[in-house]
Amino acid sequence: MSTILLEIVTPDRLVYSEQVNSVTVRGVEGELGILPGHISFVTPLQIAPVFVKIGNERTPFAVQGGFVEVRKDKIVILAESAERAGEIDLERAEAAKERAETRLNAKGRQDEVDHRRAELALQRAMNRIKVTRN
């Protein structure tokens with residue numbers, strides 16, 4: 001089975017760099033399956049799990065936005081943050097989810113910025129929780 005180099009990079013570190021058989025990401029237009037030999041493109045990513053497949057092993061990463069660039073010889077995911085399932089503190093993610101839900105359900109005046117920040121915090125927390133349960 002053919003492979004392609006995948007690099008997952010954040011502002012802080014190189015999270016992952018391996019030869020892989022396929023990558024599944026969720027771009028702004030929907031879910032994308034990327035195989036070796038895929039046409040080159042760049043697209044923004046949603047806050048969603050990224051699945052990496054090597055042989056029969058499928059590894060999830062919690063990717064919090066960014067971009068994916070597919071080239072002839074490699075795939076680069078430039079993410080705001082990215083974590084393997086084993087790096088995620090599930091209790092902390094669940095606490096963040098509860099805080100975000102509380103802010104979203106609060107009665108009274110909230111400006112749009114705070115509401116949007118709470119929505120993004122909720123999406124990030126739910127993404128981390130989903131990755132730990134895959």
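What percentage of the 134 residues in the protein is buried? The answer is 37%, and bear in mind that this is a predicted model.

**Overall layout**
- The protein has eight strands and two helices, and reading along the sequence gives β-β-β-β-β-β-β-β-α-α.
- Along its principal axes, the C-alpha trace covers about 55 × 25 × 25 Å.
- If you take the contacts with a separation of 6 or more, 51% of them come from residues 24 or more positions apart.

**Rings and a charge**
- You'll find one aromatic pair in the structure.
- That pair is Tyr16 with Phe61, arranged edge-to-face, with 5.1 Å centre to centre and 65 degrees between the planes.
- Tyr16 belongs to strand β2 (residues 14–20) and Phe61 to strand β6 (residues 57–70), so the pair ties together distant parts of the chain, 45 residues apart.
- Both Tyr16 and Phe61 are buried.
- Elsewhere, Phe51 has a charge over its ring: the charged end of Arg58 sits there, 3.8 Å from the ring centre.

**A loop residue worth a click**
- Thr10 is found in the loop between β1 (4–9) and β2.
- Why does Thr10 count as buried? Its relative accessibility is 10%, and the cut-off for buried is under 20%.
- Setting aside neighbours within four places in sequence, Thr10 touches Val15, plus Ala79, Glu80, Ser81 and Ala82.

**The largest pocket**
- The largest pocket holds about 270 Å³ of space.
- Its lining is made of 13 residues, and those closest to the pocket centre are Arg92, Ala93, Ala96, Arg99 and Arg128.
- Two elements each give two or more residues to that lining, namely α1 (90–105) and α2 (112–132).
- The biggest contribution comes from α1, which supplies five residues.
- By residue type, the lining of the largest pocket splits into eight charged and five nonpolar residues, with no polar ones.

**To recap**
- For the strands, the item to look at is the edge-to-face pair of Tyr16 and Phe61, which joins β2 to β6.
- For the helices, it's the largest pocket, where α1 and α2 each give two or more lining residues and eight of the lining residues are charged.

How values were computed:
Residues are numbered from 1 along each chain as its sequence is written. This is a predicted model: local features need pLDDT of at least 70, side-chain atom pairs count only at pLDDT 80 or more; totals for chains, interfaces and linings use all residues. Side-chain values use heavy atoms; hydrogens and water are left out. On a 1 Å grid over the protein atoms alone, a cavity is a set of points where a 1.4 Å probe fits but cannot get out, and a pocket is an open set with protein on both sides within 12 Å along at least five of seven lines; lining residues have an atom within 4 Å of a point. Grid points are joined across faces, edges and corners, and a volume is the space filled by probe spheres set on the points. Helices (H or I, at least four residues) and strands (E, at least two) are DSSP runs, numbered from the N terminus. Ala, Val, Leu, Ile, Met, Phe, Trp, Tyr, Cys and Pro count as nonpolar, Asp, Glu, Lys and Arg as charged, and the others, Gly among them, as polar. Rings of Phe, Tyr and Trp (its six-membered ring) pair if their centres lie within 6.5 Å; planes under 30 degrees apart count as stacked, over 60 as edge-to-face and the rest as tilted. Buried means under 20% relative accessible area, exposed over 50%, partly exposed in between (1.4 Å probe, protein chains only). A charge sits over a ring if NZ of Lys or CZ of Arg is within 6 Å of the ring centre and within 35 degrees of the ring normal. Contact means heavy atoms within 4.5 Å.
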